[in-house]
Amino acid sequence: MVKTVVNVEGMMCGMCEAHVNDAVRKEFPKVKKVTSSHSKGETEILSEDALDEAAVRAAIEKTGYTVKGIRSEPYEKKGFSLFHRK
């Protein structure tokens, strides 16, 4: 799994977050999860494989928001376990 974090400028509310999320899902229908935060100015995308950063930028900027940066990193799902607590 890969986590792609996109710094998005111009999101002001929950509706803005929804527009960005919908644009990403439309461009990349196989992504596992997309979440945006207007307060952080970020969109997080979880996918099986690395995404084409130019296509991510184009999909988001097509909706009228500005992409300030994109970074990708390996992602491991954090498991919930009652037995490994300290």
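Two strands are said to pair if DSSP finds at least two bridges between them. Helices (H or I, at least four residues) and strands (E, at least two) are DSSP runs, numbered from the N terminus.

Good morning. The structure before you is a predicted model, in which local features need pLDDT of at least 70 and side-chain atom pairs count only at pLDDT 80 or more, while totals for chains, interfaces and linings use all residues. Residues are numbered from 1 along each chain as its sequence is written, and side-chain values use heavy atoms, with hydrogens and water left out.

I begin with the sheet. Four strands form an open sheet in the order β2-β3-β1-β4, with antiparallel pairing. Because β2 (33-37) and β4 stand at the edges, each with a single partner strand, one side of each is left without a neighbour in the sheet. The antiparallel strands β1 and β4 are joined by eight bridges. E9 stands opposite T66 in β4.

I turn to the helices. Across β2 and β3 lies α1, which runs at about 155° to β2. Helix α2 packs on the sheet, touching β1, β3 and β4, and its direction makes about 140° with that of β4. Contact here means heavy atoms within 4.5 Å; axes are lines fitted to C-alpha atoms, for helices over the stretch in contact, and angles run from 0 to 180 degrees between N-to-C directions.

Which residues of helix α2 are buried? In α2 (residues 53-61) they are A55, V56, A59 and I60, where buried means under 20% relative accessible area (1.4 Å probe, protein chains only). These buried residues pack against β1 (2-9), α1 (14-27), β3 (42-47) and β4 (66-74).

How values were computed:
Buried < 20%, exposed > 50% of the residue type's maximum accessible area, 1.4 Å probe, protein only.
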